[in-house]
Amino acid sequence: MTATGISPTDSRHPVIAQHARTYAATGGHQGHLWKGAPTLLLTTTGRATGLPRRTPLIYGRYHDSYLVVASNAGANDHPDWYLNLLQTPHVTMQVIDQIITARANPATDAERLTCWAIMTARWPDYDSYQSRSSRVIPIVVLEPTRAQHPAATSAGGQR
């Protein structure tokens, strides 16, 4: 459950949705590492529905913030979660068993080169995604506003 008491909706892609549910249900003990890369669960507010939307994303660290890449695997459209946070930049993330509220902002031009290097070190495929996309793939800086308690899970996998 989110702070509003509403369970987040996971991806319409079954494998991604299962990753998110497993991560949440186990407090990140299963699912934090995906193909060797660390992941977090990002919960945004749906821009059309106002409801919580959750997706697992590879992350990196930049100072005290977290980084995620809106790659959409190199598609020419931004992923929904990115469009959501542009409208409502207040997000929640789960990093292993920690629930963290944050403000999401696209990396500035001055930050982009450093942040891209951090993220391609985590997931080199980002370079190939960028080479086949007609858009500049955004990097999002997630600036924590406060850390909360470890994730509370139930047998149903909801917080």
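The largest nonpolar core of this predicted model has 18 residues, and those with the most contacts inside it are Leu 40, Leu 42, Trp 81, Met 93 and Leu 142. The elements that each give two or more residues to this core are the strands β3, β6, β7 (90-95), β8 (98-106) and β9 (139-150), together with the helix α2. Apart from it lies another core, this one of 15 residues, which includes Tyr 62, Leu 67, Tyr 129 and Val 141.

Once its neighbours within four places in sequence are left aside, Leu 42 is in contact with Arg 53, Arg 54, Thr 55 and Leu 57, with Trp 81 and Leu 85, with Val 91, Thr 92 and Met 93, and with Leu 142.

Two of these partners of Leu 42, Trp 81 and Leu 85, also belong to the group of residues that are buried in α2, where Tyr 82 and Asn 84 are buried as well. In general, an α-helix has 3.6 residues a turn, so residues three or four places apart point the same way.

The largest pocket has a volume of about 970 Å³, and of the 35 residues that line it, Ser 11, Ile 16, Thr 55, Leu 57 and Trp 81 are the closest to its centre. Two or more lining residues come from each of β1 (9-10), α1 (14-25), β3 (37-45), β4 (52-58), β6 (65-69), α2 (80-87) and α4 (125-132), and β4 gives the largest share, with 6 residues. Sorted by class, the lining has 16 nonpolar, 13 polar and 6 charged residues.

Two single residues complete the tour. His 32 lies in the loop between α1 and β2 (33-34), and because its relative accessible area is 13%, His 32 counts as buried. Beyond its neighbours within four places in sequence, His 32 is in contact with Tyr 23, Ala 37, Pro 38, Thr 39, Tyr 59 and Ile 96. His 32 and Pro 56 are 24 residues apart in sequence, while their C-alpha atoms are 8.9 Å apart in space.

Asp 125, by contrast, has its place in helix α4 and is partly exposed, with a relative accessible area of 36%. Asp 125 and Ser 71 are 54 residues apart in sequence and, from C-alpha to C-alpha, 9.8 Å apart in space.

Notes:
Residues numbered from 1 in each chain as written. Predicted model: local features only at pLDDT ≥ 70, side-chain atom pairs only at ≥ 80, totals over all residues. Heavy atoms only, no water. 1 Å grid on protein atoms, 1.4 Å probe; cavity = no way out; pocket = protein on both sides within 12 Å on 5 of 7 lines; lining within 4 Å. Points joined across faces, edges and corners; volume = space filled by probe spheres on them. Helix = DSSP H or I, 4+ residues; strand = E, 2+ residues; numbered from the N terminus. Nonpolar A, V, L, I, M, F, W, Y, C, P; charged D, E, K, R; others polar. Core = buried A, V, L, I, M, F, W, Y, C linked by side-chain atoms within 4.5 Å. Buried < 20%, exposed > 50% of the residue type's maximum accessible area, 1.4 Å probe, protein only. Contact = heavy atoms within 4.5 Å.
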